Amino acid sequence: MNVTATLIGQMIVFTILIWFIRQYLWEPVLNAMEARRKRIADGLAAAEQGKHEEELARQKALDELKKAKNEAGDIVARAQKRAAEIVEEAKNAARDEAARVKVAADAELEQESVRAREALRSQVAGLAVAGASQILGREIDAKAHAKALEELAAQI
Amino acid sequence: MSDANAPAISNPVEYIQHHLTNWSLGGKPESIADFGVFHLDVFLVSALLAGLFAYVAYRVGKNIDPDNPGPVQNAIEMVVEFVNQQVRDIFPGADKMVGPIAITIFVWVILMNAMDLLPVDLIPSLVGGIVGMFGGDPHHTYFKVVPTTNLDTTFGLAFSVFLLIIYYNIKSKGVSGYLMSFFLHPFEAKGTVGKVILAPFNLFMTVIEEIAKPVSLGLRLFGNMFAGELLFLLIALLAFSVWAMPVQVVLGSAWAIFHILVITLQAFVFMLLTIVYLSLASQSHGHDEHH
């Protein structure tokens, strides 16, 4: 139960040990733990941020999809309208064309019939003269009976 | 080994005294404080354990990997975090030295206390055997293994803490503020007359209080470890016959298991009180200049 010079030795060892532990253990370990704490916190924050961004992106994608759908609907509607218009236009054009063709055909028909009548008319005189001459057994002077012939032809 | 032990066991008093004697330079201490004596065994074991701790600390600190801690790093980190938590709880404004001081006390004291768990005859017999091989007298070779069963170690630590208390007091209050605190506490007075009247009592109380700190620190650890060691020695005495061996084994195991608690608890208490004392020393009282 005595205190001896060992006490001083122990104090020196203690002092050196404190210094050594601070230098080589305490500071590095605390720094490493602090670095780890920071990294974990950063990682969690980044994860949170990523989640947030993912949510935003999902929202944006949904919006885009909705927009695209709307646009597609618009386009389809427009296309349908346009198609209807085109059909309508085509119908109208066809109708016009048909009308036009009909008119032309009618006109031609009319012309043909007029021409045929004219031809007939011109031949009727000849035929009438020929028929009459046959009946009468003699030559008929077409000139002399021109007035009658013309009246005949006009009756046809 | 049996040569060394047989006569000792046959004489219990001599056996115990043999185990309580240090391997010393300068003979036996004559007075309560004999600085002509140096206990080699105490110093060697404690320095060896300090070296072991320093080596492990150096290895861990050098190869530290924040992302992939190995088992040793994990264990050390656990201790560091535990001590750091204590320091932060007790001493919020602690400077960078308090943590290292606390962990050094904690681990070093645990290591030195843990020497108590080695069989009481193991190291003394080994040393005796080695001395015998070199022609020395094993019977007069002494080796006390547990450094903390020696007042030099416990008071070495306690006195270092005492110096640290003074340092932290002066750091926070200044020299004059520290000296004044001896006269102004624990009894406080408003007027100058009251202060003067209370000053002698305050001085008396504060001096006792300050001296009680290192003395209680040193004696608590010493007392616990010395008693523990003595009990191990008494249990070892049961080896007087084969028939007592089971009792020795049971008692020895039981005491060793219980002693694990004492070992860590005493180290923890020493560390905790050190932090508390340093924290108290750093508090500046109301009117003193705050550092």
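**From the chain interface into chain B**

Glu77(B) and Arg36(A) join their side chains in a salt bridge, with 2.7 Å from N to O. The model is predicted. Across the interface of chain A and chain B, the rule finds 1 salt bridge. The interface itself brings 29 residues of chain A into contact with 53 residues of chain B. Together the two chains bury about 3800 Å². Carbon and sulfur atoms account for 75% of that area.

Now turn to a pair of helices in chain B. Helix H4 of chain B spans residues 71-90, and helix H9 of chain B spans residues 245-282. Their axes come within 9 Å and cross at roughly 35°. The crossing of H4(B) and H9(B) is right-handed. On the H4(B) side, the contact is made by Phe82(B), Val83(B), Gln86(B), Val87(B) and Ile90(B). H9(B) contributes Phe268(B), Met271(B), Leu272(B), Ile275(B), Val276(B) and Ser279(B). By class, this contact has 9 nonpolar residues, 2 polar ones and no charged ones.

The last stop is Thr206(B). This residue lies in helix H8 of chain B, which covers residues 192-236. Thr206(B) counts as buried because its relative accessibility is 7%, and buried means under 20%. Which residues does Thr206(B) contact, leaving aside its neighbours within four places in sequence? They are Ser181(B), Phe182(B), His185(B) and Pro186(B). Phe187(B) is 19 residues from Thr206(B) in sequence. In space, Thr206(B) and Phe187(B) are 9.9 Å apart, C-alpha to C-alpha.

How values were computed. Residues are numbered from 1 along each chain as its sequence is written. Chains are lettered from A and ligands numbered from 1 in the order in which they are written. This is a predicted model: local features need pLDDT of at least 70, side-chain atom pairs count only at pLDDT 80 or more; totals for chains, interfaces and linings use all residues. Side-chain values use heavy atoms; hydrogens and water are left out. Axes are lines fitted to C-alpha atoms, for helices over the stretch in contact, and angles run from 0 to 180 degrees between N-to-C directions. Helices (H or I, at least four residues) and strands (E, at least two) are DSSP runs, numbered from the N terminus. A crossing is left-handed if the near helix is turned anticlockwise from the far one by less than a right angle, and right-handed if clockwise. Contact means heavy atoms within 4.5 Å. Ala, Val, Leu, Ile, Met, Phe, Trp, Tyr, Cys and Pro count as nonpolar, Asp, Glu, Lys and Arg as charged, and the others, Gly among them, as polar. Buried means under 20% relative accessible area, exposed over 50%, partly exposed in between (1.4 Å probe, protein chains only). Buried area is the accessible area (1.4 Å probe) that two parts lose on being put together, summed over both. A salt bridge is a side-chain nitrogen of Lys or Arg within 4 Å of a carboxyl oxygen of Asp or Glu.
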